[in-house]
Amino acid sequence: MTTVHHDTEPAQPVDVHDPKMTRFDIVKEGLRRDEIEIITYESQFQGRDSKAEKRVVRNIALLFMLSGLAALVFLAAYIWWPWRFELGETMSDFYTPILGISLGVSLFALGFAILAWAKKLLPHEVSIQARHDGASPSDEQLITGQTALFVGDELAGGVQRRPLLKGAIGLAAAPLGIVAAAPLIGGLIENPHKGSPPPLFSTGFNPVHNNGQPVRLAREDGTPIRPEDISTGGQATVFPGIPHGATNEFADSPTLLIHLRADDAEETRRNAEADRRNAGSMYGDYVAYSKICTHAGCPASLYEQQTNRLLCPCHQSQFLITRNAQPVFGPASRRLPMLPLGVDDEGYFVAKSDFKDTVGPDFWERP
Amino acid sequence: MKRRKVDLAQAPVAVARGTDERFQAATPLRALLNKVFPDHWSFLLGEIALFSFIVLLLTGVFLTLFFDPSMKEVAYDGPYSALRGTEMSAAYESSLRLSFEVRGGLFMRQMHHWAALLFMASIVVHMARIFFTGAYRKPREINWVIGIILFLLGFFAGFTGYSLPDDGLSGTGLRIASAIMLSFPIIGTWLSAAVFGGEFPGHLIIGRFYIAHVLLIPGGLLALISIHLALVFKQKHTQWPGPMRTNTNVVGERMFPRYALKQGGFFMACFGTIALLAGLFQINPIWLFGPYRASEVSSASQPDWYVMFMDGLVRLMPNWQIYIGNYSIPPLFWPAGVGLGVIFTLPLLWPWLESRKSGDKRIHNLLERPRDNPERVGIGAMAFTFFLVATISGANDVIADKFHISLNAMTWAGRIGLIVGPPLMYWVAVRICLGLQQHDREVLAHGVETGIIRRLPNGQFVEVHQPLGPVDDHGHPEPLEYGGWVVPKKMNRVGALAPAIKGFFFPVEKPAEAPVSPGMPPVSGKDREEIGSGR
Amino acid sequence: MTSDTPAKRRLRVFSRGRKAPSRARRRFGAAVRMLAALALAGGIYTAFAPGAFAEDNRQLSAAALEGKQLFDNSCISCHGRDAQGVDDKGPSLIGVGAASVEFQVGTGRMPMVRQEAQAEQKKPQFDETQTKQLAQYIQELGGGPQIPQGELVENLESNPEALARGGELFRVNCTSCHGFGGGGGALSSGKFAPALHDATPEQIYAAMLTGPQNMPVFGDNQLTPDEKREIITYITLQLQQDRDPGGLFNLGRYGPSTEGVAVFLVGITLLVFTALWIAGKS
């Protein structure tokens, strides 16, 4: 270990080819050229093979061995531990933990071995390097600036003098620039309003999907649902009873069908009848609201059967069922659309028409 | 032909010479080997992000080998019995397969997810360090801007990755993303239709997010991280003020051997931490969430933590809808559209805003202790309080449920906290800074409290102070200038104990010998004397 | 017959508080004593006017008679004589069925300590036999839904698809409130859906059948008994008994919020301390 102490004399250039130079002298010459001054560079131990050094070396060796050992555990577990998922409390549940812990311990031990080596065994060092920031010398700035202007003159000035070229470049550049952007923009643009019925304003309950006949309400497995299937104080998620009605193809269609208690139903009906669009939409004590929150589109389906509130779990908007599902708390600003309910000849629920309000999160051009 | 004997000992020399003949590498390589880096624990926070990113690349490549970014409906038929026979997208099915049917696949997936969380967490912590120490000042404004863009890219990388498995939770997130796009005035519906290829959810979004997640965004991250590091190299790292440290030098260790070794060790520690997290804590159990269905949702539906501030702002927004004729702007637009824009634009401009206000156009290579710039600390405290309240509000339903608080009360607390909290924390932070400054000045003027009480002849008790600099004829310390350095507050720090206690938060090169103030010569071991009662 | 009720009630009310009873508590205690006095008066009245009730009692089975005894001791002050209900205090229990009693009493939700947003689960006050007796009494009083006899958890050996079907039904009907992991969730204004971690099959079945508190009712027409059993199979086998394969700790399965806390408390903390050690003086 070489011990260096701060010398006040600035270092002088030396001849590195001089055979008398030691390796450290040559290193110092390199440092001088990089404007580095070593203030301190000394062993952290007193004398060679001191007790303290031996202890540190022992610890580092131990860490390396721990790392290797943990890596072996990882490999052994990776190969032989049962890893296929099984239900219940099984050996395989510990596969990922064993991999994680063994790899973690292995890497951590390796890291600490390296760190301890760098920190404890390598000589303690304080170096100072000069830094140069700020602008380049003024003549350099001037030269580069003038060169740039010169180039500009040659190109731009040349075009200025030759009007034909100017026009031609303009004619070429503009279309070519658009060509670069066109495929991306053109390929991605989709008219959100195309289609009949317009997808933004219709759901799977639109009779179009059922040859003009009212669409039945169906469970997630497609079976239709009757009034007596829902107990008082109960609710069911229903979908349009059409092919793929319960899939994400009709992501705006999920609806919450609620069987209210008689007195709550009375109040709900009173409020619904007073509303232009919701009038006549209830069937007996049953009411159906779109499950898609008018705020951000999550299913607002946390139905509290005593307080008659619907809560959306994403942003905590709360809707009061008895009052046309008006929002009463949270960020939602628009009520949940009500599905006009009816019952067909066979006694199954149908949607008399599509939702009369726009379903789903709000947007600019919603009427 | 006579075969020449190969001298193995000379082989490295020959290779080195050959390399240099072709690339002239000797001089730049020496400069690299010799480059001096300052040493401080807080300079390692950004490294965590770098190392997490490397882990993300490694584990991410593994995951792509098994993931199928398709929304085609398939029926699951794997070992996870609770989903057998369930219709799901191929993306979700392949995510389940790589979790349960690929040896170590679940571990890799969890490592990837934890590394992503750690990446974003370390970016925020690193950014806080940069901000509170003023490291973004000239000449490093551009690197600050790159850092903010890195956070933004990480935000989108995280969100796209969260969406890829197409499980019940991520589908809900996608639905909200679509609603946010819809909320933009005028272009909303067109924007959503362009991104999703028609109405939500369509059949394209996973494929599009996949290419963004594995190519476009990581490409941007990689490029910007390279520039970020190159600029740190070119402009040299900032350093704390202290003995020998000036605005025109760097005091520290050379890159080789010690500094690089420490970096390598720290990389292993980061890697190990991520592996430990992945083994100890289950993350994102997609098999419980089921495939995404527009009708299904779970209580406590949240985005990952670095998106939670946005979700929190959305939750706290009052239901103000603005009507303009037949058109309207939904309340979702303000927190998610405008809010996100402002939250990223303001920090982007901050270095110039500050220098414009202070009129300071000088180059700063020395960091500022937070206490020396109370206004900056106050503004930082405001920003972080805002971020924190918004993030906590993003989980307000979980907090309400687990701590038995009313959900509505949590929302109101968040709304009030978002407005009252930041100014309050500004005031608190400024007061704390001023108090710390005051204490520094007191110690410089009177010396360190020794804890020794002396009784004066008139019966009065006074505490003996150890002056940090020279004393005048009456034994009173001469006032010292504050130099922006750490001022020792305890006798241990000025070498009252032998051996001195090791530096912990602030590394002390040589605590027993380092000059403790500009005007004081170094104290060596032999002229250190025990502090007595003075008698 | 009612003479020990006030003392018991008072004990129950006050034993929960650590400090001396507050003014509200004292007032509440006074109200309880008042009620007890009224109940006592009612009891005396019953003793002197045995007419109508004697006939009812004759129809009750032995177990139900025991149940009636318990009811008259502990439930009558809120639910009224013969479970007819008391305005603004407790609903009528006519027609709620044995399932409802077994759920409410078996999970300790009833008797309630005080009127609040939602009855909390606590240590049951009645043992299993007493609960059954109470349930029997209410059942014989007004009928209503009952928990069926027999095994409520499907046998996966003979019916391997029950688990996946149960999961599907669970996600459609239950997760919105109870969460994907069954950890429960918040509802409006302090109400909540409880965690399902220690719910027994009987309790889950009864809850679906009767819709306690704010939970919607899932009658047998909506979810058939088989479907209910499938849901219970999923909850018990998958959510309660299956160990999480992804780690030693599942962070409560609360999703990204606890994961975010963990990355700071464990990840960042561990690495910051490592950084402190690296840069600290050796």
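Analyst: Between chain A and chain B the rule finds 3 salt bridges, a salt bridge being a side-chain nitrogen of Lys or Arg within 4 Å of a carboxyl oxygen of Asp or Glu. One of them joins R30(B) to D34(A), with the closest N and O atoms 3.0 Å apart.

On the side of chain A that touches chain B, the elements supplying at least two residues each include α1 (23-33), α2 (51-80), α3 (95-121) and β3 (124-130) of chain A. Helices (H or I, at least four residues) and strands (E, at least two) are DSSP runs, numbered from the N terminus. The most comes from α3(A), with 17 residues. Sorted by class, this side has 51 nonpolar, 22 polar and 14 charged residues. Ala, Val, Leu, Ile, Met, Phe, Trp, Tyr, Cys and Pro count as nonpolar, Asp, Glu, Lys and Arg as charged, and the others, Gly among them, as polar.

A word on how to read this: the model is predicted, so local features need pLDDT of at least 70 and side-chain atom pairs pLDDT 80 or more, while totals for chains, interfaces and linings use all residues. Residues are numbered from 1 along each chain as its sequence is written, chains are lettered from A and ligands numbered from 1 in the order in which they are written, and side-chain values use heavy atoms, with hydrogens and water left out.

Now for the extent of the interface. Chain A brings 87 residues to the contact and chain B brings 102, where contact means heavy atoms within 4.5 Å. Together, chain A and chain B bury about 8,000 Å², and carbon and sulfur atoms give 62% of that area. Buried area is the accessible area (1.4 Å probe) that two parts lose on being put together, summed over both. Within what chain A buries against chain B, F85(A), R131(A) and W364(A) supply 12%, more than any other three residues.
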